[in-house]
Amino acid sequence: MIVKSELIHKTWKTAETNIEKSKVEDIINTFINVIGNEIRNGNEVKIEGLGRFCPFVKKTKGKNIYDGTIQEIPNAKYVRFIPSTKLKS
């Protein structure tokens, strides 16, 4: 597992130019915010070579254990990641 601080550090180390680490951090934070906003708005995000982030809503019904009636459970929002075929091999 890699955390965001490690991602920032590795990106900064592999950069060919003399870019400041704070600029790399700003770029990665902007990237994460853009993807998050698109998914929150219900849009699918596809990154070539990485995969797709697909938002979906899970609709379920539950049964009351006391009287056996069926009740609506509030919809839950999830994000599904579908990896690219390049990652699978």
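Biologist: How many salt bridges does the count come to?
Modeller: This is a predicted model, and side-chain atom pairs count only at pLDDT 80 or more. The rule asks for a side-chain nitrogen of Lys or Arg within 4 Å of a carboxyl oxygen of Asp or Glu. By this rule the count comes to two.

Biologist: Which residue does E44 meet in a salt bridge?
Modeller: Side chains of opposite charge can pair when their charged atoms come close. For E44 the N to O distance in the salt bridge is 3.6 Å. The partner of E44 is R52.

Biologist: Are E44 and R52 buried, partly exposed or exposed?
Modeller: Buried means under 20% relative accessible area and exposed means over 50%, with partly exposed in between. E44 has a relative accessible area of 45%, and R52 has 31% relative accessibility. Because these values fall between the two cut-offs, E44 and R52 count as partly exposed.

Biologist: What is the N to O distance in the salt bridge of K61 and E72?
Modeller: The pair links distant parts of the chain, with K61 in strand β2 and E72 in strand β3, eleven residues apart. K61 has 61% relative accessibility and counts as exposed; E72, at 60%, counts as exposed too. Their side chains meet at an N to O distance of 3.8 Å.

Biologist: What is the strand order of the open sheet?
Modeller: The sheet has three strands with antiparallel pairing. Its edge strands, each pairing on one side only, are β1 (45-47) and β3 (70-83). The twist from one strand to the next averages 25°. The order is β1-β2-β3.

Biologist: Over how many bridges do β2 and β3 pair?
Modeller: Strand β2 covers residues 51-63 and runs antiparallel to β3. Among the facing residues, G51 stands opposite P83, R52 has I82 as its bridge partner, and G62 stands opposite Q71. The number of bridges between β2 and β3 is twelve.

Biologist: How many bridges join β1 to β2?
Modeller: The two strands run antiparallel, and V45 stands opposite F53 in β2. They form a hairpin with three residues between them, and G49 in the turn has a positive phi of about 85°. The number of bridges joining β1 to β2 is three.

Biologist: What angle does the direction of helix α2 make with that of β1?
Modeller: Helix α2 spans residues 21-40 and packs on the sheet. The helix touches β1, β2 and β3. Its direction makes an angle with that of β1 of about 140°.

Biologist: Which residue takes a positive phi in the hairpin of β2 and β3?
Modeller: This hairpin has six residues between the strands. One of them, N64, lies in the loop between β2 and β3. The phi in question is near 80°, and the residue that takes it is G68.

Biologist: Is N64 buried or exposed?
Modeller: Not counting residues up to four places away in sequence, N64 touches T69 and Q71. A polar atom of the N64 side chain also lies 2.9 Å from the backbone nitrogen of Y66. The relative accessibility of N64 is 18%. Because buried means under 20%, N64 counts as buried.

Biologist: What separation do the C-alpha atoms of T85 and G49 have?
Modeller: T85 lies in helix α3 and counts as exposed at 62% relative accessibility. G49 is in the turn of the hairpin of β1 and β2. The two residues are 36 residues apart along the chain, and their C-alpha atoms are separated by 7.8 Å.

Biologist: Where in the protein chain is confidence lowest?
Modeller: The mean pLDDT of the chain is 91, and 100% of its residues reach 70 or more. Confidence is highest in β1, at 95. The lowest mean is 84, in helix α3 (residues 85-88).

Terms used:
Residues are numbered from 1 along each chain as its sequence is written. Side-chain values use heavy atoms; hydrogens and water are left out. Two strands pair if DSSP finds at least two bridges between them. Helices (H or I, at least four residues) and strands (E, at least two) are DSSP runs, numbered from the N terminus. Axes are lines fitted to C-alpha atoms, for helices over the stretch in contact, and angles run from 0 to 180 degrees between N-to-C directions. Contact means heavy atoms within 4.5 Å. Buried means under 20% relative accessible area, exposed over 50%, partly exposed in between (1.4 Å probe, protein chains only). A polar contact is a pair of N or O atoms within 3.5 Å; within protein, one must be able to donate a hydrogen and the other to accept it, and residues adjacent in sequence count only if both atoms are side-chain atoms. pLDDT is the predictor's confidence in each residue, from 0 to 100.
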